[in-house]
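Please report on the strands, helices and surface of the model shown below. Keep the account plain, with terms defined where they are used.

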Amino acid sequence: MGSFGIPLFPEQASTFAQNVDALYLFIAAVSAFFALAVTVAVVVFGIVFRRRHAGEIGARIEGNLPLELMWSIIPTMISMVMFGWGAQAFFTMRTPPAETMNVYAVGKQWMWKFQHVEGQREINELHVPVGRAVKVTITSEDVIHSLYFPSFRTKMDAVPGRYSQLWFEATKVGTYHICCTEYCGTNHAGMIGNVVVMEPAAYQAWLSGGTMEGTLAQRGERLFSELACNTCHLDTGKGRGPSLSNIVGKPVELADGTTVTVDEGYLRESIINSQAKIVKGFQPLMPAFQGLVSEDNLVALVEYVKSLSPTATAPAATTPTAAPTNPPAAGEKK
């Protein structure tokens with residue numbers, strides 16, 4: 001969208017980009033109309049009803065009920081249209097479909113690190129297929145960032161110690177910008193990248209280029225064993241820790257009598273701050289891995305635990321946890 005060959009908006013390349021732009025233009029047009037109407041009325045009334053001589057006394061005006069009702073009801077109705085339209089757009093953008101391609105994103109000064117569940121890892125670049133819903137689970141290693149896809153008209157903050165999510169479905173093959181829209185330090189403006197939208201066959205060919213590390217869940221399984229987690233979390237449920245089989249998406253009763261639903265945020269918190277929520281019937285024996293496991297490895301561990309619940313669908317991960325203390329490594333490579 002542009003004027004005289006000058007682009008005014010990024011390209012519309014997602015299923016809800018057109019609706020977002022239409023709402024924006026509607027609000028802008030209504031605001032411009034009333035701003036112009038008020039300005040013109042002030043100028044006209046100032047000229048027509050100006051004081052013409054020193055002794056002139058203005059006419060007494062008692063009010064006009066129909067006029068007052070009109071300027072109260074019409075703006076209210078327009079505002080409700082804006083609210084309803086905006087709420088519909090918001091819930092669409094915040095409610096991913098049941099079937100999505102899942103990707104993890106970790107913000108770090110000053111780069112975006114993406115991990116596909118198939119094992120592919122990327123820095124400042126994300127490959128996705130056209131015409132398929134993609135859900136991105138986001139967190140940060142250091143400070144608050146904000147993952148923004150301008151052409152998809154969607155963004156979400158990356159907050160240390162918390163998982164947040166966004167989703168999109170690209171409609172056009174091409175390369176589009178990725179930006180950080182939360183000031184995060186001296187090189188904030190350089191925290192950019194590209195999302196590469198490909199035909200499904202081309203994406204599968206790229207994905208098959210593969211990694212020797214296996215899938216994200218397989219990497220998490222190796223970490224699970226290396227950290228000796230498998231010595232306590234037995235499938236039988238008779239270990240020193242609860243069984244992790246088929247727990248994702250289900251409620252868990254805690255020692256303090258409260259109940260939580262197992263999602264990505266709960267799993268992450270249970271790894272880095274194991275004493276925060278003790279499952280009923282178990283002792284607080286698990287060590288905390290705060291600062292000992294990187295965000296990349298936390299993602300792998302979470303994905304492995306999720307793979308132990310093959311029929312479950314985890315709810316949106318918004319559980320706050322403690323911020324990581326491990327500092328970013330300078331010049332990190334893929």
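Which residue in E7 does Asn 102 stand opposite?

## Basis of the report

The residue facing Asn 102 is Lys 135 in E7. This is a predicted model, in which local features need pLDDT of at least 70 and side-chain atom pairs count only at pLDDT 80 or more, while totals for chains, interfaces and linings use all residues. Residues are numbered from 1 along each chain as its sequence is written, and side-chain values use heavy atoms, with hydrogens and water left out.

Helices (H or I, at least four residues) and strands (E, at least two) are DSSP runs numbered from the N terminus. Two strands pair if DSSP finds at least two bridges between them.

## The sheet with E3 and E7

Five strands make up an open sheet in the order E5-E4-E3-E7-E10, and the pairing is mixed. Strand E5 (121-123) and strand E10 (164-169) are at the edges with a single partner strand each, so one side of each has no neighbour in the sheet. From one strand to the next the twist averages 25 degrees; axes are lines fitted to C-alpha atoms, for helices over the stretch in contact, and angles run from 0 to 180 degrees between N-to-C directions.

Strand E3 (residues 101-108) pairs with strand E7 (residues 133-140) in the parallel sense, over seven bridges. Helix H6 (residues 295-307) lies across E3, strand E4 (111-116) and E7, and runs at about 155 degrees to E3.

## Helix H5

All of helix H5 (residues 264-272) is covered: nine of its nine residues are buried, where buried means under 20% relative accessible area, exposed over 50%, and partly exposed in between (1.4 Å probe, protein chains only). Among the buried residues are Glu 264, Arg 268 and Glu 269, as well as Tyr 266 and Leu 267. The cover over the buried residues of H5 includes E3, E7, E10, E13, strand E14 (259-261) and H6.

## The sheet with E6 and E12

Another open sheet of five strands has the order E6-E12-E11-E8-E9, with mixed pairing. E6 and strand E9 (154-158) are its edge strands, each pairing on one side only. The twist averages 20 degrees from one strand to the next. Helix H3 (residues 200-207) packs on this sheet and touches E6 and E12, with its direction at about 130 degrees to that of E6.

Strand E6 (residues 125-129) has four of its five residues buried, so it is largely enclosed by the rest of the structure. E6 pairs with strand E12 (residues 193-198) in the parallel sense over five bridges, and Val 128 stands opposite Val 197 in E12. Strand E8 (residues 145-149) and E9 pair in the antiparallel sense, over five bridges; Tyr 148 has Lys 155 in E9 as its bridge partner.

## Surface and loop

A nonpolar surface patch is formed by Leu 36, Val 40, Val 43, Val 44, Phe 45, Ile 47, Val 48 and Phe 49, which together have about 780 Å² of accessible area. Patches take residues with over 30% relative accessible area and no salt bridge, joining like charges within 9 Å and nonpolar side chains (Val, Leu, Ile, Met, Phe, Trp, Tyr) within 5 Å. A salt bridge is a side-chain nitrogen of Lys or Arg within 4 Å of a carboxyl oxygen of Asp or Glu, and areas come from the Shrake-Rupley method with a 1.4 Å probe, only the protein chains shown counting as cover for residues. Val 43 belongs to helix H1 (residues 17-48) and is partly exposed at 47% relative accessibility.

Asn 246 is in the loop between helix H4 (216-226) and strand E13 (251-253). Beyond its neighbours within four places in sequence, Asn 246 is in contact (heavy atoms within 4.5 Å) with Leu 308, Ser 309 and Pro 310.
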